[in-house]
Amino acid sequence: MYFLKNIFNGVLIGIANIIPGLSGATIALILGVYEKLIKAISSVKKESLINLYKLNFKKIYKDFSIDFLFPIILGIILSALLFAQALEHFELLGKNKEFTLSYFFGLILASIPIILKMIPKWRNALTFYFLIGVIIAIIIAIIPGIQQENNNILFIFFCGIIGIIGMVVPGLSGSYLLLILGNYNLLIKDSINKFHEDINSLIYLLVFISGMVFGMITIAKIISWLFKKYREETLALIGGFVLGSLIFIWPIRSESPTAFLEIINPVLDELNKSGNIINYIKNYFHFVFFILAGFFSLITIEYFSRKKNV
């Protein structure tokens with residue numbers, strides 16, 4: 001049961017990593033596996049890699065927390081392979097993108113109070129860290145993305161390091177950062193869907209995964225240290241990240257060079273057209289139902305997760 005539960009957790013984390021604007025780490029935090037995941041990853045040392053090279057299975061099992069990490073990684077891989085296909089088949093990021101983003105907007109919105117409840121007692125100083133998190137997310141939202149793909153191997157390795165941030169840092173989306181770097185389609189869609197039939201796609205995917213592994217271990221060690229030394233401040237910062245990240249998944253968007261302009265331009269267009277913001281609200285009011293569905297989905301998941309952990 002423990003194994004299957006962690007596969008399910010991995011699937012949910014993996015799905016969040018695929019959707020631009022979502023952070024798998026946020027889902028991991030809500031599911032109650034985030035700190036354990038960070039601790040397990042950050043515990044990997046040089047000796048662990050030597051044991052892996054020597055195929056010392058007993059020490060490998062202990063060093064890499066296989067009983068915990070393996071089912072989660074398996075779930076993430078399964079979601080990457082299956083959900084990437086589902087995105088294409090059901091056009092979840094095509095003609096149905098607004099409905100998809102509406103659902104996940106509600107889900108992430110619900111995560112903010114859940115994260116902040118992890119802080120036993122709120123202090124005024126924590127507000128500063130919370131606001132810093134919001135500001136960082138907004139700064140990322142106004143950075144224009146690179147329009148041209150780059151298949152340079154070193155750059156793809158770098159994309160792997162950056163892409164893993166969404167899995168390690170709650171509130172920051174690795175997928176959206178890949179969009180900024182211009183390589184989201186190349187690495188998340190094309191490489192995953194074509195690696196079994198195209199050698200270049202396979203090479204890109206392997207290099208990308210190598211960068212992710214390197215970035216995951218490095219960043220996890222930093223996050224683990226922050227949680228040990230400054231847990232409340234780190235959670236407040238994460239809460240700000242998550243609030244600011246709502247910019248990336250607001251469903252009503254237009255083709256624009258930055259995430260900020262993507263959500264502002266439809267509002268400005270309606271104001272220029274009718275001079276009335278009410279029309280904007282009326283035209284897109286039906287998305288509220290999908291936002292509520294996402295909101296209560298996470299509340300339900302968190303409730304049962306907490307109940308099982310009691």
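A: Helix α12 (184–194) gives the most to the lining of the largest cavity, namely four residues. Together with α6 (66–89), α12 belongs to the elements that each supply at least two residues of this lining. Helices here are DSSP runs of H or I with at least four residues, numbered from the N terminus. The model is a predicted one, in which local features need pLDDT of at least 70 and side-chain atom pairs count only at pLDDT 80 or more, while totals for chains, interfaces and linings use all residues. Residues are numbered from 1 along each chain as its sequence is written, and side-chain values use heavy atoms, with hydrogens and water left out.

A cavity is a set of points on a 1 Å grid over the protein atoms alone where a 1.4 Å probe fits but cannot get out; a pocket is an open set with protein on both sides within 12 Å along at least five of seven lines; lining residues have an atom within 4 Å of a point. Grid points are joined across faces, edges and corners, and a volume is the space filled by probe spheres set on the points.

A search of the whole structure finds one cavity of 30 Å³ or more, and the largest cavity has a volume of about 40 Å³. The lining consists of Ile18, Ala84, Leu87, Glu88, Tyr184, Ile188, Lys189 and Asn193. By class, five of these residues are nonpolar, one is polar and two are charged. In this scheme Ala, Val, Leu, Ile, Met, Phe, Trp, Tyr, Cys and Pro count as nonpolar, Asp, Glu, Lys and Arg as charged, and the others, Gly among them, as polar.

The largest pocket holds about 1000 Å³ of space. Its lining comprises 36 residues, of which Ile73, Ile76, Ile77, Ile209 and Met212 are the closest to its centre. Helix α6 provides the largest share of this lining, ten residues. Other elements that each supply at least two residues include α1 (2–18), α12 and α13 (199–229). The lining of the largest pocket has 31 nonpolar, five polar and no charged residues.

The second largest pocket holds about 810 Å³. Among its 31 lining residues, Lys97, Leu179, Glu255, Ser256 and Glu262 lie nearest its centre. Two or more residues of this lining come from each of α7 (97–116), α11 (174–181), α12 and α15 (259–274). By class, the lining of the second largest pocket has 13 nonpolar, ten polar and eight charged residues.
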